[in-house]
Amino acid sequence: MTSPHTPDAELAAQPAAYWTGVAYEALIAFTRAQQAELGFTQPQYWLLRNLSESDISPDGHGMALPELQQAMSGYLRPEDDLAAEAEVLLERGWLTRDGEGRLWITEPGDEARARLKQHAPAIRARIHQGIDDADYVTTLKVLQQMIRNTGGAVA
C-alpha cells in the first residue's frame, strides 16, 4: 500500500483501521515468536501474571479457567486455548489445581513469571527501534483520539 517514498499527503489519506490492523498482527506475531524462542507462549505468561499476587492478581487467590478467560478477554486471541496452556504449566509445576478446579500459581511458577518478565524490555526495545519516545507518545495520543472520535472508550 506504501513505499518508503510515499508522499505524506498520500499517507494521510490512507485508512487508519487498515494500518492499525496490520500493526497489531505484526506486533503480536513478533512478540509471540520471541517468546516461543525463549520456551513459553504469551498465553502461558498471561496465566502466570493473572495468578501472581506480585503481578496482576490483586490477592493471589486461585481462579477457574472461565474467570481467567474473562480477566484476559481484552487480549486473548481466538486461537488461544487457555485450558491447553494451563495443562503445560501444570506439567511444569508452575501451576496447581485445587479440588474445585481453580488454578494457583506455585512458587516455581512465580519465579518463572519473574524470569519471563525480564525479557519484556528487550522485546519492547526491538519493537521501538528507531522510534523516539515523543513520536511513540504522539502516535498513542492520535490513536486514543480516533477511538474517542468513533465512540470508543479509552481505558
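This is a guided tour of a predicted model, moving from the whole chain to single residues that can be selected one after another.

**The whole chain**

If you turn the view along the principal axes, the C-alpha atoms fill a box of roughly 60 × 35 × 25 Å. Colouring by accessibility would show that 29% of the 155 residues count as buried. Among the contacts that join residues at least 6 apart in sequence, 48% link residues that are at least 24 apart.

**An aromatic pair: Trp46 and Tyr75**

Next, select Trp46 and Tyr75, which form a pair of aromatic rings; the structure holds three aromatic pairs. How far apart are the ring centres of Trp46 and Tyr75, and at what angle do their planes meet? The centres lie 4.6 Å apart and the planes stand at 70 degrees, and since an angle over 60 degrees counts as edge-to-face, this pair belongs to that class. Trp46 is found in helix H3 (residues 42–51), while Tyr75 is in the loop between helix H4 (65–71) and helix H5 (82–92), so the pair ties together parts that are 29 residues apart in sequence. Trp46 is buried, with a relative accessible area of 10%, whereas Tyr75, with 28%, is partly exposed.

**Staying in H3: Gln42**

Keep helix H3 in view and select Gln42, which also has its place there. Is Gln42 buried or exposed? With a relative accessibility of 9%, Gln42 counts as buried. Its side chain makes a polar contact with the side chain of Arg32, at 2.7 Å. Leaving aside neighbours within four places in sequence, the residues in contact with Gln42 are Ile28, Thr31, Arg32 and Gln35.

**Back to the loop between H4 and H5: Arg77**

Arg77 lies in the loop between H4 and H5, the loop that also holds Tyr75. With a relative accessibility of 14%, Arg77 counts as buried. Not counting residues up to four places away in sequence, Arg77 touches Tyr24, Glu25, Ile28 and Arg32. Ile28 and Arg32 are also among the residues in contact with Gln42, which links this stop with the previous one.

**Helix H6 and what covers it**

Now select helix H6, residues 107–117, and display its side chains. Which residues of H6 are buried? They are Gly109, Asp110, Ala112, Arg113 and Leu116. Look down the axis of H6, and these buried residues fall within an arc of 155 degrees, so they line one face of the helix. What covers them includes H3, strand E2 (103–105) and helix H7 (120–127). At the N-terminal end of H6, select Thr106, which caps the helix with a side-chain oxygen that lies 3.0 Å from the backbone nitrogen of Gly109.

**Two arginines over rings**

Two further selections each show an arginine placed over an aromatic ring. In one of them, Arg92 lies over the face of Trp94, at 4.9 Å from the ring centre. In the other, the charged end of Arg124 sits over the ring of Tyr136, 5.8 Å from its centre.

**Helix H8 and the end of the chain**

Move on to helix H8, residues 133–149, and select Gln145 within it. Gln145 counts as partly exposed, at 36% relative accessibility, and its side chain makes a polar contact of 3.2 Å with the side chain of Arg148.

The last stop is Val154, in the segment after H8. Val154 counts as partly exposed, at 31% relative accessibility. Which residues does Val154 touch, not counting those up to four places away in sequence? They are Gln144, Ile147 and Arg148, and Arg148 is also the partner of Gln145 in the polar contact described above. To finish, draw a distance from Val154 to Asp80: the two are 74 residues apart in sequence and 25 Å apart in space, C-alpha to C-alpha.

Note on methods:
Residues are numbered from 1 along each chain as its sequence is written. This is a predicted model: local features need pLDDT of at least 70, side-chain atom pairs count only at pLDDT 80 or more; totals for chains, interfaces and linings use all residues. Side-chain values use heavy atoms; hydrogens and water are left out. Rings of Phe, Tyr and Trp (its six-membered ring) pair if their centres lie within 6.5 Å; planes under 30 degrees apart count as stacked, over 60 as edge-to-face and the rest as tilted. Helices (H or I, at least four residues) and strands (E, at least two) are DSSP runs, numbered from the N terminus. Buried means under 20% relative accessible area, exposed over 50%, partly exposed in between (1.4 Å probe, protein chains only). A charge sits over a ring if NZ of Lys or CZ of Arg is within 6 Å of the ring centre and within 35 degrees of the ring normal. The arc is that of the directions from the helix axis to the C-beta atoms. Contact means heavy atoms within 4.5 Å. A polar contact is a pair of N or O atoms within 3.5 Å; within protein, one must be able to donate a hydrogen and the other to accept it, and residues adjacent in sequence count only if both atoms are side-chain atoms.
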